[in-house]
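New notebook page, new structure. I want to jot down what I look up as I go.

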Amino acid sequence: MAKLRHLTVVLKGSTALVTLNRPDKRNAVNRVLIEELAAFFNAPPKKAKVVVINGAGDHFCAGLDLAEQKERTPEESFELSQFWHRATEVMQYGGLPLVAAMHGAVIGGGLELAVCAHVRIAEPSAFYALPEGRRGIFVGGGASVRVGRIIGYGRTVEMMLTGRRYEADDGQRLGLSHYLVGKGEALAKALELADAIAGNAPLANRMILQALPRIGEMGTSEGLLAEALASALTQATDDARAGMEAFLKKTAIRFDR
Ligand code: 1HE
């Protein structure tokens, strides 16, 4: 990968650790950073089976770079929003499980990046807000869809109207995080979970990532049919036989070794 300006990528075994690395601006996402994220997720290292994302410094991410945004025309803003949509789509559905380790500000576009992650871990310092209304703008990186689906549309409207800040324990209660760990512990927990995820059968992971969220958007009968098809497909693998056999013989199994 070409030298990156605002993103650090380190391969730790089969986990790629991607760090938003612009701490002097609280990891605010400028054009370069969102392009670097898109490029990474479009062509992750071949050895990576799972990705962990975190932020350098005291915050996960302060959202869209407002210094850049201030100068954009409505048309440029529309184009940027759709660029974010493509980037966040590939983060969520590009094929690799994504684990977010969050601390400090998880604001605006920062929250939009975080909710692409399939597993989210927060430290007590994490806080969440969508202050776009306060800044005279609107969300543009997918919050309308993804945040609404996690915490509900009523809460998202209220959060945006009032500029409310949810603290880490609120975020845990609302599902913005799945784990609330101690200070300085999010990355270790993220790497531990990433390793566990990497040990699952690859097709089972793919079905969980690709089929499950889409089934959630289907009607009941289509969803149940899609579930039965996914179930039949995973059953047809050697991994399924090996996984069940290991359970019955009371032995441990990893599918990546
Ligand atoms: C920034 C940004 C930014 C910090 N764009 N430069 N997001 C927001 O509205 C959140 C704005 N940021 C904050 O509320 C605070 O910066 C924090 C709570 C995250 C951190 O506070 P603090 O006291 O540690 O830092 P600071 O002094 O406010 O900021 C340090 C520097 O980072 C300062 O620059 P400097 O040159 O004066 O040192 C800030 O200007 C800069 N900075 N955040 C640009 N966001 C896809 S659409 C999504 C739409 C949105 O995301 S809207 C929400 C934007």
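This is a predicted model: local features need pLDDT of at least 70, side-chain atom pairs count only at pLDDT 80 or more; totals for chains, interfaces and linings use all residues.

The largest cavity has a volume of about 40 Å³.

Next I checked what lines the largest cavity. I get Phe-41, Pro-44, Val-90, Met-91, Gly-94, Gly-95 and Leu-96. Sorted by class, that lining comes out as five nonpolar and two polar residues, with no charged ones.

Then I moved on to open space. The largest pocket comes to about 450 Å³ in volume. I count 17 residues in its lining, and those nearest the centre of the pocket are Gln-92, Val-115, Arg-146, Ile-150 and Pro-213. Which helices each supply at least two residues of this lining? I noted helix 3 (74-93), helix 6 (143-151) and helix 10 (202-215). By class, the lining of the largest pocket has ten nonpolar, two polar and five charged residues.

On to the ligand. I see 22 residues around the ligand, and Lys-25, Ala-62, Leu-64, Gly-109 and Arg-135 come nearest. I sorted this shell by class too: nine residues are nonpolar, six are polar and seven are charged. Among the elements that each supply at least two residues of the shell, I wrote down strand 5 (105-107), helix 4 (109-114) and helix 5 (132-135).

A polar side-chain atom of Arg-135 sits 2.6 Å from a ligand oxygen. For Gly-109, a polar backbone atom is 2.8 Å from an oxygen atom of the ligand. Leu-66 has a backbone N or O atom 2.9 Å from a ligand nitrogen. How much of the ligand does the protein cover? I have 66% of the 1,000 Å² of accessible area that the ligand has on its own.

Last topic for today: the sheet. A reminder to myself that strands of a sheet pair through backbone hydrogen bonds, either parallel or antiparallel. Here I find six strands in an open sheet, in the order 1-2-3-4-6-9, with mixed pairing. Why is one side of strand 1 (7-12) and of strand 9 (179-180) left without a neighbour in the sheet? Both stand at the edges and each has a single partner strand, so one side of each has no neighbour there.

At one, strand 1 and strand 2 (residues 15-20) run antiparallel and are joined by six bridges. Val-9 stands opposite Val-18 in strand 2. The hairpin of strand 1 and strand 2 has two residues between the strands, and I noticed that Gly-13 takes a positive phi near 65 degrees in this hairpin.

Notes: Residues are numbered from 1 along each chain as its sequence is written. Side-chain values use heavy atoms; hydrogens and water are left out. A residue is near a molecule or strand if one of its heavy atoms lies within 4 Å of it. A polar contact is a pair of N or O atoms within 3.5 Å; within protein, one must be able to donate a hydrogen and the other to accept it, and residues adjacent in sequence count only if both atoms are side-chain atoms. Accessible areas come from the Shrake-Rupley method with a 1.4 Å probe; for residues, only the protein chains shown count as cover. Helices (H or I, at least four residues) and strands (E, at least two) are DSSP runs, numbered from the N terminus. Ala, Val, Leu, Ile, Met, Phe, Trp, Tyr, Cys and Pro count as nonpolar, Asp, Glu, Lys and Arg as charged, and the others, Gly among them, as polar. Two strands pair if DSSP finds at least two bridges between them. On a 1 Å grid over the protein atoms alone, a cavity is a set of points where a 1.4 Å probe fits but cannot get out, and a pocket is an open set with protein on both sides within 12 Å along at least five of seven lines; lining residues have an atom within 4 Å of a point. Grid points are joined across faces, edges and corners, and a volume is the space filled by probe spheres set on the points.
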